[in-house]
Each structure stands twice: as C-alpha cells, then as structure tokens.
Amino acid sequence: MMTTTKPQPLRQLLLGCALLLSATAAVAESNRADGEQVYTRVCGHCHEAGVGPVIKGRNLPPSYITAIVRHGFRAMPAFRSAFIDDASLQAVAEYVGNSPAPGNKGKGKE
Amino acid sequence: MSQQTNKVLPQGVAESDFRAALEQFRALLGAENVLVESEQLVSYTKIMMPGDVARNTPSAAVTATSVEQVQGVVRICNRYRIPVWTVSTGNNFGYGSAAPGQRGQIVLDLKKMNRILHIDAELGTALVEPGVTYQQLYDYLQEHDIPLMLSFPAPSAIASPLGNTMDRGVGYTPYGEHFLMQCGMELVLANGEIYRTGMGGVEGDNAWQVFKWGYGPTLDGMFTQANYGICTKLGFWLMPKPPVSMPIEIKFEEDTDISDIVEFIRPLRLAQVIPNAVVIAGVIWEAATCNTTRAQYTTEPGATPDSILKQIQKDKNLGAWNVYACLYGTREQVEVNLNIVRGALQQLGKGKLVTEEEAGGTQPFDYRAKLMTGVPNLQEFGLYNWRGGGGSMWFAPVSQARGSECDKQYGLAKQILNKHGLDYVGEFIVGWRDMHHVIDVLYDRTDDDERARAEACFNELLDEFEKRGYAVYRVNTQFQERVAQSYGTTKRRVEHALKRALDPNNILAPGKSGIDLNNGFEL
Ligand SMILES: Cc1cc2nc3c(=O)[nH]c(=O)nc-3n(C[C@H](O)[C@H](O)[C@H](O)COP(=O)(O)OP(=O)(O)OC[C@H]3O[C@@H](n4cnc5c(N)ncnc54)[C@H](O)[C@@H]3O)c2cc1C
Ligand code: HEC
C-alpha cells in the first residue's frame, strides 16, 4: 500500500535519484482537453468519494454541468476558466454526461 | 467588444480611466485574458463568508502567463491607480476563495503560470510558479519516480504550494509548517522591479533553494499574508520519502479528554518521536469526513444536541477526539518509536490505538493517512455537507500546546457556537509548541437567518477569545481588518510605513491583513 514502500537502505534510495535528476526541468501542466483526465484529477476526488453526488451515468446535460462548475453550487466550489479552460470543461462535461455510472469499486466508506 | 457589463468599478477610479486600463491589459495579455463580463467573473464570486457578495465582487479579472506580464500589469495598475488582488490557484476556501478582499479590485489570476521550474531529487528542493497544484507536483514525482514526499493542506489536489505558503497554511507531514519549509521567493514589487529573497540576488548563485537567510535582513516573512509584492516563484523543501510510513490513529472516548491528550502528545512531538503535524480531530469533523450529514440524524435547526453527537460517535465507531499521527523511517526506527508511543499511551491509561490494517481502508482514517504521506485527495470537503448550503469560515485561534489551554479554548468556542445555533466542528493541529486550533464555522449560506447568526457568532468568537489573550493566525477577507486590530497599533503603523515605502499608490491588494494606506495608521 502507499504507506509502506519496500524497506530499502536509505543510501540506495539516494543513489537511485542521483542518476535521475539534477538538471533543471521546467514542466507545465498540459492543457489537453482530455475529459477523463480532468474528471480523475479534479471532479473524481469528490464525486467518486461520496463528497459530491454521483454525476456519471445520469445523462446530465453538458450545459448543466458546465454551469455548475463555473458558478459553483452550495457545497460545490466554482472553478474559474483559468483553472479549467473552456475546452477542458466542455470535454469533461461531455465525458461525464456520456459515462455509465461508476461501478462500486470504491473503498468502504464507513 | 470592450463593453464592460459587470458594472463594478475599482474604488476611486473614473470609468474612462478604467476603460483605458482595460485596453492596455488587452494589449498586454490578449483579450481572452481580460475578463469583464459578469458571466466570466461569476467563478470569482463563489464566496463562503456571510457578507453580501457585492463586497467582494471584482471589476475585472486578468490572467498572466509570465513574470514580464505580471510586471506589465503592475505598471498599468500604477498608471491608473487600480487595486489588484492576486490569487495563484485561488482555492482559499473559508478564507475568501478567489474573490478580491474589497469590492472593485481586479483579480490577478496566476493559475496559468504553472511550470515546475526545478526539482532537485538529491537536495530535496523545488522551485515552482504560482499556478502549480500539489496534484501536478505529485503526478510529476510519480511519473519520474522521484522519492520525495509532499506536504499539503487538505484541499491538496486543487491547491498550490505557492498560494498556501503565501497565506502561511499548514499540512500534516513533518514538513507541515509550510512557511518554515519555504526557501527563496521571487517577487514583483509594486514598482515593477523583481526582488529575490535569500541567496536569489547573487549573480550565478545556486544556493537559493538551500539557504534561507542570505545576507542582511531576511524579508521573506514580510511578504506572506501581506501586500508588499506579488510572488512569482517559490522555493521550498521536500522530505525524502521514508522507506516506511506508519499512520496511526488514537481514539478517545470523552470530550473532556482533550487536556490529557495534549499533555500526552506534546513530549512525543517535541522529542520528534512523532515528527509530523499531529491532528486531534473532534467528533463532528470525523463524522462529516466519513460522509455523515446532520440531516441523517435531525432536521431540527440549531446546535446539534450532545446526545446525537454521542449516538453518531457510537454508530460510526469514532472517538470524541481522534488523534492522527505518523511514524516515518526504516522499519526498525518506526518500530522503536511505535513502542515509545504505546508505552506513553499505557501510562496515560486511556485511548485506543488503531493501525492502518485495523482501519482497513475506511474513512476518515484513509484520507488522514494520505494527508500524512503526501497523497492528494479532497475527502475533507465532506465538512461542507455536514450542514450543507456552502457557508464556511475558519476560526483558527493559536494556542499553546498545553492541555489546560486547549481545554479552555474548546469549551469557550463550543459554548459560543452553540449559543448561535451552530456546531463545534474543530481540530487541533499540533505544530511544535503551538496548536492551530482550527474550527470550521459551518452554516447554510442560503438561509438568511443562519447566515446572520454565523456572522454574529464569528464576531463574538473573535471578541471573547481576544479578551482572554487569544488571536487567530489567519482569517477570511471579511474579517481581516477586525483581526488586524487584535495585534496592536504599533504593528499596524510599521506595516503602514512599509506599505507607503513599497507601494505608494496602494495598488497591491489594499486591505490584505488590514494593511491599506487608507486605514489612517501613519507613523
Ligand atoms: C475542506 C478544507 C480543508 C482545508 N484544509 C486546510 C489545511 O489543512 N491547511 C491550510 O492551510 N488550509 C486549508 N484550507 C484552506 C485553503 O483552501 C488552503 O489553505 C489553500 O491552500 C489556499 O488556496 P490556494 O492554495 O489555492 O491559494 P490561493 O487562493 O491562490 O492563495 C491564498 C492567498 O494567498 C495570497 N496569494 C496568493 N498568491 C499570491 C502571490 N502570487 N503573491 C502574493 N500573495 C499571494 C492571496 O492573499 C490569496 O488570497 C482548507 C479548506 C477546505 C475547504
Ligand atoms: C471539492 C469537491 C468537489 C469537486 C472537486 C467537484 N465537485 Fe461537483 N459537487 C460537489 C458537491 C459537494 C456537490 C453537491 C452540492 C450541494 O448540493 O450542496 C456537487 C454538485 C455537482 C453537480 C450537480 C449534481 C446534481 O445532482 O445536480 C455537478 C453537475 C457537478 N458537481 C459537477 C462537477 C464537475 C464536472 C467537477 C469537476 C470539474 C466537479 N463537480 C468537482 C463537490 C465537488
């Protein structure tokens, strides 16, 4: 599980990364309008965790979804176009609108 | 095309000047990066504070993608005396969200400046731009197999190291006091100059991210929770990922146990047996983060009766107080420290220790474990469903890490909240010698009566705590002037003098932490 990485001697860990890195790496978040990716990295943290209601598999109209995301809605925060650009929002709205309901693969909640 | 439909102007700025400024912003940034229509600005006004949203409605929002553009924005603002409120990822929920502190300020939104400029896996350092989220960093570390661990606030996935650190936020690992782990800032000053703190001004230097103090005055702190500069790069330290991390929970049955818990934890924390920012979470916090809502138990308005809280505690198998700590190191180190913790617990004679295996992937243990080991999630937003309706203000008084003090603060806060028909939804975050006593003042913002009670409650909390010598470490923008009063007038005059010297036109976020050339605190 995430909490126990294999017990490795510290020295070995450090040597491993010396090879990997030392050069400056400038990386920007990609702006690909990938609906699934936005869903997983943002929406899913709440909507697959019981924090927000299930939104997949309900045929929610994309225009409704985009409006909720831009305005926010009660407990749901608003997301600015600087945070999720229009193309990505449209993509995630279509992705959600066309998705089947999530399977019950989540962990037990209580 | 350049019509301004939002109908809000920056304070003291003539409409013609504002239009001229907008034209210059468009020339500098491109029209698509200058937002003025109400529909475009609506995302900036989703506040959770009780005051009318008109108080925090911006006149415009502009997005920059480079340091040069930030300099350009500042020059235009100076030319037309336009006040500008900066956000990075803009998810400062419960403190003001992405809305400006004062009506009419333009928002400078830096989310699109999102490059990870440098990660040094050997030294454990990072240098990032304002729009980099913790999720982005996490993905980067995973993808490149870099064994470093992040420390972040609960809204991890959508928050930023830069925004969180500039507001002096906290996380849950041994690096949880984020400003302590900050190392090197780049700032655009109000006059458009670029200032680098620490070693950053030395030509050819490569120690900017490893040595904080540089030479002469060390000014980094002055720029946090402040309005003396716009941070465009932030350096900070990352903890080497330990071979073993062992999150644990200790449940305590009674709410009167808080004093004993703190006395039990402090020596372990000070000695670094438990090295992380430990949390002691109250029962409603726990219930809400395993997706329990108030409505499942009662539809009566007002404070939730203690009898119901006891019922929830039982139903959900929670403690009245729940301690979350984590041990890190080699297997041997973790074992040794676990035995010390167990020994201390035995001495205390109460408290039930729960391991990750025993918790079995259930909430809230699971998200706490993730926070303590640097895995992004948003589970804590369950808090907003407890009462629902999108109202939230953090009341976060500082306390000594001393049992009697925490007990006193808890009792006082609960009594005031309940008097106003609201619940105590709180946790203590153990620093080293201090506690951030973090209370989420949750209310239904769509209910006018509850909204008014929340506002009155927050005022009373500030007043009554102040009478006893307590003050908060951070506050939402509606109360920033009020809290500045708690810290005394000399401080305010010093801050005013700095503001006068560094930003004579008062353009950078006037009002932030009560600093504003119009506040009358001339030296
Ligand atoms: C459920 C929940 C749990 C939370 N838990 C925590 C927690 O554990 N710890 C914690 O600290 N907070 C917590 N928060 C509060 C808040 O959401 C986080 O602190 C968050 O990191 C702040 O938002 P941000 O990172 O997007 O920063 P931003 O909103 O971008 O910035 C915050 C503030 O810093 C200043 N600022 C931002 N950028 C700059 C800049 N470039 N130059 C100068 N000043 C700047 C501005 O005043 C801005 O308002 C929680 C909120 C919620 C809803
Ligand atoms: C921080 C948690 C959180 C995140 C992130 C989040 N949501 Fe939500 N969302 C909620 C909550 C909570 C509600 C329910 C609000 C209420 O009723 O108070 C909600 C409601 C909604 C609704 C209305 C559902 C209905 O039943 O009508 C839609 C649509 C929605 N969200 C879409 C999204 C999309 C798309 C994203 C990603 C871009 C997203 N949300 C990200 C928490 C979140």
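**Ligand 2 shell and a helix pair in chain B**

Helix H2 of chain A supplies six residues to the shell around ligand 2, the largest share of that shell. The model is predicted. The ligand 2 site lies between chains A and B. Elements contributing two or more residues to the shell are helix H2 (35-47), helix H3 (62-71) and helix H4 (86-98), which belong to chain A.

The shell around ligand 2 comprises 27 residues, of which Cys43(A), Cys46(A), Gly52(A), Arg74(A) and Met76(A) come nearest. Divided by class, the shell around ligand 2 holds 21 nonpolar, five polar and one charged residues.

A helix pair was also examined in chain B. Two packed helices are described by the angle between their axes and the distance between the axes. For helix H13 (residues 403-419) and helix H14 (residues 448-467) of chain B, the axes come within 9 Å and cross at roughly 150 degrees. Angles over 145 degrees count as roughly antiparallel, and H13(B) is therefore roughly antiparallel to H14(B). The crossing in which H13(B) passes H14(B) is right-handed.

On the H13(B) side, the contact is made by Leu412(B), Ala413(B), Ile416(B) and Leu417(B). On the H14(B) side, the contributing residues are Cys457(B), Glu460(B), Leu461(B), Glu464(B) and Phe465(B). By class, the residues of the contact of H13(B) with H14(B) comprise seven nonpolar and two charged, with no polar residues.

Technical notes
Residues numbered from 1 in each chain as written. Chains lettered and ligands numbered in written order. Predicted model: local features only at pLDDT ≥ 70, side-chain atom pairs only at ≥ 80, totals over all residues. Axes fitted to C-alpha atoms, helices over the stretch in contact; angles between N-to-C directions. Helix = DSSP H or I, 4+ residues; strand = E, 2+ residues; numbered from the N terminus. Parallel < 35°, antiparallel > 145°, perpendicular 65-115°, else oblique. Left-handed = near helix turned anticlockwise from the far one by under 90°. Contact = placed C-beta atoms within 7 Å. Nonpolar A, V, L, I, M, F, W, Y, C, P; charged D, E, K, R; others polar. Near = placed C-beta within 6 Å.
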